[in-house]
Amino acid sequence: MNYLSAELISKTFNDKWLFRDISLGISQGEKFAMVGNNGVGKSTLLNILTGELKSDSGKVVTRDGIRLGFLTQQPQVDNNQYVKDILFDAANKVAAAVKEYEECLHHPEVAGERMQAALEKMEEYNAWDYDAKVHEVTSKLDVPDLDKKFGELSGGQKKRIFLAQLLLASPDLIIMDEPTNHLDLSAIEWLEEYLSGPNITLIMVTHDRYFLDNVATEIIELDRGKLFRYKGNYAYFLEKKSEREEMLKTEVTKARNLLKKELEWMRKQPRARGTKAKYRIEAFYELKEVASQDLKKDRLELDIRESRQGGKILEVEHISKSYGNQVVIEDFSYVFKKFDRIGVVGKNGIGKSTFLDIITQKLKPDTGIVMPGLTTKFGYFTQDSMTLNPANRIIEEVKEIAEFITLSDGSQVSASKFLENFLFPPEKQYTFIEKLSGGEKKRLQLLKLLVLSPNFLVLDEPTNDFDIDTLNVLEDFLEKFTGCLVLVSHDRYFMDHLVDQLFIFEGEGKIKMFNGNYTYYRDSIKDAEMGIGEPLKQLVEPKVSEGPLAKKKTTVKEKQEYTSLEKEIQLLELEKTRLTDKLLDGQAGHVQLLEWSQQIKGITDQIETKTARWLELAEIV
């Protein structure tokens, strides 16, 4: 049974075609995942399918009696409305009965007659199954107190309320825009299982690759204004997409070669042409349209120099943090090592972001000490864009840090060129930050972080607002990153590929460690529940140094080496300066200049090596 059909729909934005003459149909039980780069029009297409926005041409037809449910990225509601009024549809008698019953339960002081009347209504409408569903959905999505006002909630809580509202309404066709944003990992896994049910029909936009694989029966891609369909999982989609792009490249190349001959024919022909010539003229314009397709694809480029890291990275000693009666962290200690790749997991509101603020020294613990190494340089990517000045233009925001940025090979590029690598072309660089989209602000935050050449990256939900292509680039960059990485992310695919150890926030301040990635951890829990193997044998105790900020004892040899290195570095700096002066003098011949240049490079390498060793010794001497 066909639920919805879109026929030959088109939409322009700022005189630019987002898509033209695309058609789509979805039938009962089908589950579509829509993918595409940021800005191609995915959310616009969803808005057209739901009737929130009109297309420039074409039509969308929904089968009679089919109820649509739409989860947008930015739903609007009166801030004075109560959560219970949003969740329960007053027009639905069953929902109204459950709402009254829940109110009586949450307010024990109500009159007995009112509670009796509520129970009778529940029996009359056989609403107990619906009440059980309300409890399941609100608990799994961690919906806050039903008596709270909407305006008192955080952005993540608001999103979860609208998701709960959608699921409780049980629409025939669900349309969702980034449903996993603002959900913790356990909520995502529950939603994944719920949406995989046989009676669910679904169209969603998502960048969560595990969610996409486990829920969708078909992937639809919006690319260059056209819609492409793939029946298979994400890996199949990547394979077929690559084949399609290669075929397109061949087709456009052939068309461009043929166009040269046809263009010459068009110029030579007289104005009066016969019938046969008209067909050729029409074919020429069709060929011209194929040949004029832009095959260039903008791709984020992450290339930055890392600061050198000494022997001591970061120590946290017996830290604790509470807010009122809520204990967030209790007596936690850990010594961070080189190449640590740590994922931080736990429910929303349990204290993960507080922990990141403490280790980056944005926030002080109630007790305990945080001691970074002398060479540790943090790069902290937060969930909000408060670090950006909305009154600045993009180029101004970057130039406040540096006019020139050093890349991994030691070369330097201007701030403007570096912005181009981050998909901010020159004409975009003078846009005010307040006018940027969510995804653009996230890219600019990432750029500002990397410009500082950190060697200890702390990333709090970096995957929100990024498309899949951008996430793949970021993932590749982080895999090659040689410093420490601490990551909070609800994207299991992203986390699984980057971390090999977990800090698990269990609540009441308890933090356990697990050796392995998130999927391995979840499999271990399932095995333990089924009685297979030892319960969570990968759990280990945090590493604690002996005594408060215990230091390694310095040997006489290390003290002598420390003093010797200091003198050697000074002499090498003097020699480098002497050779540089001779090189800049310009009096010597080509061979001599080349020899001095090679000597300077060798001395620079020695200085860097000896300085790194000197910094290591400085931490223990």
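**View 1. F332 and F355, a buried pair of rings.** Both F332 and F355 are buried in this predicted model, where buried means under 20% relative accessible area, exposed over 50% and partly exposed in between (1.4 Å probe, protein chains only). Their rings form an edge-to-face aromatic pair, 5.7 Å centre to centre with 80° between the planes. For the terms: rings of Phe, Tyr and Trp (its six-membered ring) pair if their centres lie within 6.5 Å, and planes under 30 degrees apart count as stacked, over 60 as edge-to-face and the rest as tilted. F332 sits in strand β11 and F355 in helix α11, so this pair ties together parts 23 residues apart in sequence. Helices (H or I, at least four residues) and strands (E, at least two) are DSSP runs, numbered from the N terminus.

View 2. Ring pairs join F332 and F355 with Y334, F336, F378, F456, F503 and F505 in a cluster. Across the structure there are 20 aromatic pairs.

**View 3. Y518 and Y521 in helix α17.** Here the ring centres are 6.2 Å apart and the planes meet at 55°, so this pair is tilted. Y518 and Y521 are three residues apart in helix α17 (residues 518-529), which puts about one helical turn between them. Y518 counts as buried at 5% relative accessibility, and Y521 is buried too, at 11%.

View 4. Seven bridges join β10 (residues 314-323) to β11, and K321 stands opposite I329 in β11.

**View 5. Two arginines over rings.** R20 lies over the face of W17, 4.5 Å from the ring centre, and R244 does likewise over F228, at 3.7 Å. A charge sits over a ring if NZ of Lys or CZ of Arg is within 6 Å of the ring centre and within 35 degrees of the ring normal.

**Notes.** Residues are numbered from 1 along each chain as its sequence is written, and side-chain values use heavy atoms, leaving out hydrogens and water. As this is a predicted model, local features need pLDDT of at least 70 and side-chain atom pairs count only at pLDDT 80 or more, while totals for chains, interfaces and linings use all residues.

Definitions and conventions
Two strands pair if DSSP finds at least two bridges between them.
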